[in-house]
Structures are given as C-alpha cells and as structure tokens.
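Here's a quick briefing to read alongside the sequence and the model.

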Amino acid sequence: MTQAAAPAAHSSFYMAMRILPAPRREAMFALYGFCRAVDDIADERGPATASQRLAELDRWRADVAGMFAGRAPPHLAALDQARRDFDLKQKDLDAVIDGMAMDAAEDIRAPDWATLDLYCDRVASAVGRLSVRIFGLAPDPGDALAHHLGRALQLTNILRDIDEDAAAGRLYLPREALKAAGVTVDEPLKAVADPKLAGACAEVAARARAHFEKSNAIMAAAPRAAVRAPRLMAAAYGSILDQMLADGFAPPRRRGKASRLRLLGAVLRYGIL
C-alpha cells in the first residue's frame, strides 16, 4: 500500500495549502495522501467485493494503530511526522476510515439525516479536526470550525456530485428531504431525473449555508494566521454553492466549479496580508 500523490496544482485544496509555512504544508499534504488512499479504496468500482474493500481498510486501520504504537510502516512515514509535530489523534484518523467503510460496505442510497450527518462527520469533519491542529488553532474553536466547515464542504460536495454519484449507484440526499420534496424513489438515476429533486437539494443547500455562516463566525474570532487556509477553502466551496443555487437544481445540471475570481480575492485578503 502506498499513499496517494500530492494534490493537483490547480485544485482549490492545493491553492489553500500552498500559503502555509512549509512544515504545516507538508503535514497537510501527508494527511491528504492518507485521505486519498483510503477514499480510493472506498470508491473502487472494479472487481473487488465489499468484503475485500473493507478488509483493505482494516489493514489501513491496523497500520494507523501501529503508527501510534511507534511502529509506523514506511508508507505512513510522512503522516507519522505530522502526527508527532502536531499531535494528531488516532480517533480522528480512525473516523476517516470509518467513513470510507460506510461507502465501501454498500452504495449509500437516501440515508436519513442522522446517518448522513454521521457520514459527514467521519469523511469531512474528522479531516477538519486533524487539519485545525496542523493550522495551529486552539482545540475548542478548532473542533467547532471542523464541525461546521467540514459539514458545509461535504454537503456542497454532495450537491455538486449528484449526477456523478447517481451514475455510480449512490444517492446521498437524505430521505426526509426527498420525501418532503415529493421524490418517492431512491433508485439513484430515477431520483436525480425527477424535477422535484430540486426541493430536496434546496434543503441540503440551506443546511450547508448555515454551516458556512457558523464557520465564518468562528474564523472571524480566530487568530488570522491560523485560519488562512480554511478561509480559502470556505471561499472556494462557498462560490460553488452560490453558483448551484443561482443555476437551480432541476435537470439538466451543470457541475459547479469554484470561482477563480472569488478565490483570488480571498487569497489577496487572507492569504498574503
């Protein structure tokens, strides 16, 4: 097993992380590599069965446990350095794997809100809890920021990737929102073709917006240097959400993209000042 390569140079993540001091930047790239590696297992659409994918994730879980016991395998050397430098917690790395296991076990289809929130906590907010330690935020505001910004980013991802996920047999929109909108099927391709899906998307977007607003309030009260990178991520994904809301969610949908102008403005405002 090897960790994934560094993020693409044109990505919003790379642009946000490149403003960090070198030790923090390298730690974030190590964390990114870990997350990409376990995510690739969960998203494997080839011949591997669910049990095989889960077994591979269990091997990663054992490797993480070994790392915290002082026996880091070579492919976790960079992450182990980040762990020691920034006091990363095993429970958060385990939570990331738990989130990937939810995808690996079966195709998620219209989970209830509680299950979706747990999924968001594992695949996004747990990553946030690891990231804020690297950024240098104090535990209480850091964990609060991870909670809200992680959910804001993940809910935005879900809305952006509706059609791509449906093609892979997944539907992350919550069943309560679908039911309220009048969508009565959970078969992904049928559900996303229903014009009434826009109502369910609007509810998810409203929750994402509320999480962005709480994130912005936390960052406004935090030391400026510690929230430069999350400010840029919030600007990028906030612009995607705004674009989708402006376009509407009825099919056919165009996939939302971050506004480079808005991201550049955030870089000028938060990244170098």
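R61 is partly exposed, because its relative accessibility comes to 24%. Its salt-bridge partner is D98, with N and O 2.7 Å apart. Keep in mind that this is a predicted model. The salt bridges come to 21 in the count, and a few of them are picked out below.

**Salt bridges**

- Where do R61 and D98 sit in the chain? R61 is in helix α3 and D98 is in helix α5 (residues 90–105), so to speak two distant parts of the chain, 37 residues apart, that the pair links.
- D98 is partly exposed too, since its relative accessibility is 25%, and buried would need a value under 20%.
- R170 and D107 make another salt bridge, and here the closest N and O atoms are 3.5 Å apart.
- Is R170 buried or exposed? R170 counts as buried, because its relative accessibility is 5%.
- R254 counts as exposed, because its relative accessibility is 56% and the exposed class starts over 50%. D247 has a relative accessible area of 41%, so D247 is partly exposed.
- Some of these contacts join up: D92, D117, D121, R129 and R151 are linked in a network of salt bridges.

**Aromatic rings**

- How many aromatic pairs does the structure hold? There are two.
- One of them is F34 with W60, an edge-to-face pair with 5.9 Å between the centres and 70° between the planes.
- F34 belongs to helix α2 (residues 22–42) and W60 to helix α3 (residues 50–68), so this pair ties together parts that are 26 residues apart in sequence.
- Both F34 and W60 are buried.

**Charges over rings**

- R207 has its charged end over the ring of W113, at 3.6 Å from the ring centre.
- R83 does likewise with F68: the charged end of R83 sits over that ring, 5.2 Å from its centre.

**How the helices cross**

- For α2 and α5, the axes come within 8 Å and the crossing angle is roughly 25°. These two helices are therefore roughly parallel to each other, and their crossing is right-handed.
- For α2 and α4, the axes also come within 8 Å, but they cross at roughly 130°. That angle is why α2 counts as oblique to α4. The crossing of α2 and α4 is left-handed.
- What about helix α11 (residues 197–220) and helix α12 (residues 228–247): how do their axes cross? They come within 11 Å and cross at roughly 155°.
- α11 and α12 are therefore roughly antiparallel to each other, given that the cut-off for that label is over 145 degrees. Their crossing is left-handed.

- L88 is in the loop between α4 (77–86) and α5. L88 has a relative accessible area of 3%, so it counts as buried.
- From L88 to V132 there are 44 residues in sequence, and their C-alpha atoms are 9.7 Å apart in space.
- I19 is in the loop between α1 (12–17) and α2. At 23% relative accessibility, I19 is partly exposed.
- I19 and L232 are 213 residues apart along the chain, and 9.8 Å separates their C-alpha atoms.

Methods:
Residues numbered from 1 in each chain as written. Predicted model: local features only at pLDDT ≥ 70, side-chain atom pairs only at ≥ 80, totals over all residues. Heavy atoms only, no water. Phe/Tyr/Trp six-rings, centres within 6.5 Å; stacked < 30°, edge-to-face > 60°. Helix = DSSP H or I, 4+ residues; strand = E, 2+ residues; numbered from the N terminus. Buried < 20%, exposed > 50% of the residue type's maximum accessible area, 1.4 Å probe, protein only. Lys NZ or Arg CZ within 6 Å of the ring centre and 35° of its normal. Salt bridge = Lys/Arg side-chain N within 4 Å of Asp/Glu carboxyl O. Axes fitted to C-alpha atoms, helices over the stretch in contact; angles between N-to-C directions. Parallel < 35°, antiparallel > 145°, perpendicular 65-115°, else oblique. Left-handed = near helix turned anticlockwise from the far one by under 90°.
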